Amino acid sequence: QVPVVESGGGLVQPGGSLILSCVLPSKHSLDYYDIGWFRQAPGKEREGVACINANDGRAYYADSLKGRRVTISKNTAAKPVYLQMDSLGPDATAVYYCATSRSCLSHNFLRTEYFSSWGRGTQVTVSS
């Protein structure tokens with residue numbers, strides 16, 4: 001399994017925005033995979049953020065993030081799957097990971113055991 005590659009993390013001030021990207025390297029395509037975003041804050045377990053189904057494009061979000069300004073999207077004409085995060089607060093500080101799946105069918109499937117081909121993550125730090 002080829003690991004995905006995440007990018008787009010960085011330091012952002014509270015209230016700011018970031019767009020994270022997830023791709024498979026070179027000749028590979030994400031088109032046939034459900035894609036999920038997870039995050040892991042220091043000292044905490046990795047938790048699901050959102051996933052998007054490859055067949056119907058439906059997106060699902062973790063209950064803990066409902067009401068937050070987080071959007072997962074996929075440009076069918078290109079490779080990346082994006083995670084846009086707006087109005088970020090310090091509690092969003094974490095390493096964000098992308099992974100592939102065949103099981104993005106509801107927010108209940110935002111569990112690490114349903115995902116594979118994990119990337120190395122991209123650090124997001126929200127701080128003034």
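1. Let's start with Arg 46, which lies over the face of Trp 118, at 4.9 Å from the ring centre. Arg 46 also lies over the face of Tyr 97, at 3.6 Å from that ring centre. The rule for a charge over a ring is that NZ of Lys or CZ of Arg is within 6 Å of the ring centre and within 35 degrees of the ring normal.

2. A word on what you're looking at: this is a predicted model, where local features need pLDDT of at least 70, side-chain atom pairs count only at pLDDT 80 or more, and totals for chains, interfaces and linings use all residues. Residues are numbered from 1 along each chain as its sequence is written, and side-chain values use heavy atoms, with hydrogens and water left out.

3. On confidence, pLDDT is the predictor's own score for each residue, from 0 to 100. The protein chain has a mean of 91, and 96% of its residues reach 70 or more. Among the elements of the chain, strand 11 has the highest mean pLDDT (98) and strand 7 the lowest (93).

4. Phe 38, Tyr 97, Phe 115 and Trp 118 form one aromatic cluster, and the structure holds four aromatic pairs. Rings of Phe, Tyr and Trp (its six-membered ring) pair if their centres lie within 6.5 Å; planes under 30 degrees apart are stacked, over 60 edge-to-face, and the rest tilted.

5. Phe 38 lies in strand 4 and Trp 118 in the loop between strand 10 and strand 11, so the pair ties together parts that are 80 residues apart in sequence. Phe 38 counts as buried, at 0% relative accessibility, while Trp 118 counts as partly exposed at 23%. The cut-offs here: buried is under 20% relative accessible area, exposed is over 50%, and partly exposed is in between (1.4 Å probe, protein chains only).

6. Trp 118 has another edge-to-face pair, with Tyr 97, at 6.5 Å centre to centre and 80° between the planes. Tyr 97 lies in strand 9, so this pair ties the strand to the loop between strand 10 and strand 11, parts that are 21 residues apart in sequence. At 12% relative accessibility, Tyr 97 counts as buried.

7. Which strands does strand 9 pair with? Strand 4 (residues 34-40) is joined to strand 9 by seven bridges, running antiparallel, with Arg 39 opposite Tyr 96. Three bridges join strand 9 to strand 11 (residues 122-126), also antiparallel, and there Tyr 96 has Thr 122 as its bridge partner. Strand 10 (residues 115-116) pairs with strand 9 in the antiparallel sense over two bridges, and Phe 115 is the bridge partner of Ser 101. Two strands pair if DSSP finds at least two bridges between them.

8. There is also an open sheet of four strands, in the order 1-3-8-7, with antiparallel pairing. Strand 1 (5-7) and strand 7 (70-74) stand at the edges with a single partner strand each, so one side of each is left without a neighbour in the sheet. Five bridges join strand 7 to strand 8 (residues 81-85), and Ser 73 stands opposite Tyr 82 in strand 8.

9. Last, the charges. A search of the whole structure finds two salt bridges (a side-chain nitrogen of Lys or Arg within 4 Å of a carboxyl oxygen of Asp or Glu). Glu 47 meets Arg 39 at 2.7 Å, N to O; Glu 47 is partly exposed at 32%, whereas Arg 39 is buried at 12%. In the salt bridge of Glu 113 with Arg 111, the closest N and O atoms are 2.8 Å apart. Glu 113 counts as exposed at 51%, and Arg 111 as partly exposed at 45%.
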